[in-house]
Amino acid sequence: MKTTIFATALSLCAAPLWAQDQVTLLLDWFVNPDHGPVIIAQEKGYFADQDLAVEVIAPADPSAPPKMVAAGQADLAISYQPQLHLQIHEGLSLQRVGTLVATPLSCLLVLADGPIETPADLKGRKVGFSVGGVEEAVLGHVLATHGLSLDDVELINVNWSMSPSLMSGQVDAVIGAFRNFELNQMDIEGVPGRCFYVEEEGLPPYDELIYVANKDTMDIDMIQRFLAATEKATQYIINHPEESWEIFAGTSPELDDELNRRAWVDTLPRFALRPTAMDVGRYATFEAFLHDAGLIPSINPVSDIAIDVTAQ
């Protein structure tokens, strides 16, 4: 009798009904409020409800996650729409499969009480950047709307040191600062900043943070379940902002500080309420923008760049 019960228990444990699919998700950077839906889905058990066991990994090198997904070393990565367009033209086998943050976060950041009243005032001044290519194209587009070009400014690679380089006077502005972080960081430091929002300066709107998967090997069913869990988490965050902050901040002592609390509030309205939803025009327009800027040699169809996994 005992042998029979033991054998039955083993058979139940081995049954697919009880198995969770293993998913490796690479973040774009260290854990921060931008990743709220992922962390809440994990902590609230929404991934488990979808029979998923998700391993969330912060990268040592922020540029590595999309490359690792393309190489088959991870299932999903959080990345950026502008970079995805370039990476596909570079030959990486990637597609956008979902959206995390559905609006631009990037901005042209200056000192609030400094001499820069409009981007036109940057003529002859220093502008810091971190990511060559896209950020230069964005800056060039913003400057062009004010009668300037990249030749009118001095570009300085500040190597991700956005706020410090601006507050120290190393540069007069930085392109690529995140409005939900750098603005709060500078305010906390007592050196207020001011953003020129790129989508208000002539740049086509885009999805700041997206989920990318390997175009050739992705598991559509797994991704659908993953996005269903993050959608449920986003709904919880919107409905319970304070409770969700407490859950998020409680996952690590480093997260429970004033900067992350402020960033949490500023990021909430930017999370994609429908992470699977596809805006074809948005991707087509940004592909054309990059082509016009000379950053890509041709224009790919949107179907090569992004998909709606619910339609597959």
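How do the residues of the lining of the largest pocket divide into nonpolar, polar and charged? In this predicted model, the lining comprises 22 nonpolar, 11 polar and eight charged residues. The pocket itself holds about 1,100 Å³ of space. A total of 41 residues line the largest pocket, and those closest to its centre are Tyr80, Val131, Glu135, Trp160 and Phe178.

Several elements of secondary structure contribute to this lining. At least two residues each are supplied by the helices α4 (64–70), α5 (81–89), α6 (134–144), α7 (162–167), α8 (182–188) and α11 (258–267), and likewise by the strands β3 (76–79) and β8 (173–178). The largest share, four residues, is provided by α5.

A further site examined was aspartate 207, which is located in the loop between β9 (193–197) and β10 (209–214). The relative accessible area of aspartate 207 is 7%, and this residue is therefore classed as buried, the limit for that class being under 20%. The side chain of aspartate 207 takes part in polar contacts with two side chains: that of arginine 282, at 2.7 Å, and that of tyrosine 283, at 2.9 Å. When neighbours within four places in sequence are left aside, the residues in contact with aspartate 207 are Gln81, Pro82, Thr99, Val101, Ala102, Arg282 and Tyr283.

Methods:
Residues are numbered from 1 along each chain as its sequence is written. This is a predicted model: local features need pLDDT of at least 70, side-chain atom pairs count only at pLDDT 80 or more; totals for chains, interfaces and linings use all residues. Side-chain values use heavy atoms; hydrogens and water are left out. On a 1 Å grid over the protein atoms alone, a cavity is a set of points where a 1.4 Å probe fits but cannot get out, and a pocket is an open set with protein on both sides within 12 Å along at least five of seven lines; lining residues have an atom within 4 Å of a point. Grid points are joined across faces, edges and corners, and a volume is the space filled by probe spheres set on the points. Ala, Val, Leu, Ile, Met, Phe, Trp, Tyr, Cys and Pro count as nonpolar, Asp, Glu, Lys and Arg as charged, and the others, Gly among them, as polar. Buried means under 20% relative accessible area, exposed over 50%, partly exposed in between (1.4 Å probe, protein chains only). A polar contact is a pair of N or O atoms within 3.5 Å; within protein, one must be able to donate a hydrogen and the other to accept it, and residues adjacent in sequence count only if both atoms are side-chain atoms. Contact means heavy atoms within 4.5 Å.
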